[in-house]
Amino acid sequence: MRFYVTTPIYYVNDKPHLGHAYTTIAADILARHHRQRGEETFFLTGVDEHATKVWRVAESQGLGAQEYVDQISDAWRSLPPRLNAETDFFIRTSDEGHKAFVREFLQRIYDNGDVYEDVYAGLYCVGCEAFKTEDELVDGKCPLHSTEPEWIEEKNYFFRLSAYQDKLLELYAERPDFVQPPFRFNEVKSFVSGGLRDFSISRAGQPWGIPLPWDEGQVAYVWADALVNYLSALTFARPGEDLREAFWPEVRHLMAQDILRFHCIYWPAMLLSAGYSVPKQIFIHGYLLLDDLKISKSLGNAVDPLELIDTYGADALRFWCARAVSFGQDGSASVSGIADRYERELGNDLGNLLSRTTAMIARYRDGAIPGGPAAGSELEGLIADVHTNVLRDLDGFDITGAVDRIWTLVRHLNRYVTEQAPWTLAKDESKAAELDQVLYDLADGLRVSAIALWAYLPETAPKILEALGQPVAFDWELVEYGRLEPTTSVAAAPPLFPRFEVSAA
Ligand code: MSP
């Protein structure tokens, strides 16, 4: 089995904000999970550099476009590692491998007769990097960016999207899970059923971009260049290797609804025209809204994810992103929720549980995990549920549902300590076997929780296993009751998520 997941390639007209971190974190959770299942996984992210807005920012800073993107791309390249996201490749659309591939890709569409020349006269929103029709505007402004689009009139090359309407509708009918969640798929279907307009795939008035192979005087329209990254990366990510055959049939694109039409309509049509198969699945998650406003630079409520990481750590940010809003839905979150989850859930539910368990094993059993598995317990049932159903949840991109399920196990362990009161059992020699069982179950429950949470908490999970004297391995088959390795080295573990004072300011 193979799994290929992508994030959008982000525009580099500014620094990353929390909304970008959100998609990258979600993609990493999925990629790590599939790696745990022993699948060969490829995780792609990167940056979209040939946008008009990028070019304009460079100009406003008195820099050449290439010079500007070379500088700012470093800030973007360092984002995934700061988020503990383990990507397989970071693509830049100014990479030579990408540029050459785009030219070849567009030439195929051209040779196929799907490109014609016409005059484009209409409106362009630089924020969206998209041509707009009057009926998409509200009071003459782009509703997403609250700006008036610009009038453009130039000779362009057009892609015959209209010729693909029936093929797209057939594809949607044949592949009921092509776009997820279903309410988003319905949006796509009704849009396509309403008729498709051809779109311009070139820009004549802009010097920044990839020159068209058949007319070097024009550059590829940024979307006709950017979408192709998902395929081009596979041809040059590993020098000397072509990963297309292995990974292209397995690709899943992840993004928010702002760019759904490009991915669910333009992109499959372009692929069909160029002779490639369409993506396996496209998952549209919601916007992370802070106080009901979409996080974005233009609205002035962008939150710097690096600042949150400096305060709470990447794992806490990842955990909050997965839990704050049900993945796939729009949802309002407050950044103060991170502090709350850090303290209540990560600090108390998980961190304290580990500290207490290890301290008791050290104190009552000299650091040796006693006892062995006892069949038929509630714990065994909960672990079996995690083993089977987290897979099902994550196959359906339900990142929030899967972590809820794992947290049910963590909460159960907390209740179990309180109910069993091992500190009382320890006072009564005749209860030694019971105490052994409680300590074994707590340690095993924590071991399983750590493995299941690794995709969400990649920095914390190994610490839990180490504290329990367990091998640091995350294969999904280890999510099973009764697989604790014998050890005699358990010592009271320091807090996983130390408390700190959050200033009121
Ligand atoms: N460059 C294009 C994508 C080209 S892909 C071939 C682009 N870039 S972007 O920088 O604007 O990124 C948009 C994406 O960032 C969204 O689709 C989503 O993945 C992520 N998000 C940006 N703000 C977000 C939120 N407030 N909430 C959730 N995701 C957010 O569009």
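In the predicted model, an oxygen atom of the ligand lies 2.8 Å from an N or O atom in the side chain of D258, a polar contact being a pair of N or O atoms within 3.5 Å. Taken alone, the ligand exposes 670 Å², of which the protein buries 95%, with accessible areas computed by the Shrake-Rupley method and a 1.4 Å probe.

The automatic or database assignment of domains divides the protein chain into domain 1 (2-312) and domain 2 (336-478), whose centres, taken over C-alpha atoms, are separated by 41 Å. Contact, defined by heavy atoms within 4.5 Å, involves 15 residues of domain 1 and 19 residues of domain 2. The area buried between the domains, summed over both and computed with a 1.4 Å probe, is about 1,700 Å², 70% of it from carbon and sulfur atoms. On the domain 1 side, I29, Q36 and Y312 lose the most area to domain 2, together accounting for 38% of what that side buries.

Residues are numbered from 1 along each chain as its sequence is written, and side-chain values use heavy atoms, with hydrogens and water left out. Because the model is predicted, local features need pLDDT of at least 70 and side-chain atom pairs count only at pLDDT 80 or more, whereas totals for chains, interfaces and linings use all residues.

Methods:
A polar contact is a pair of N or O atoms within 3.5 Å; within protein, one must be able to donate a hydrogen and the other to accept it, and residues adjacent in sequence count only if both atoms are side-chain atoms. Buried area is the accessible area (1.4 Å probe) that two parts lose on being put together, summed over both.
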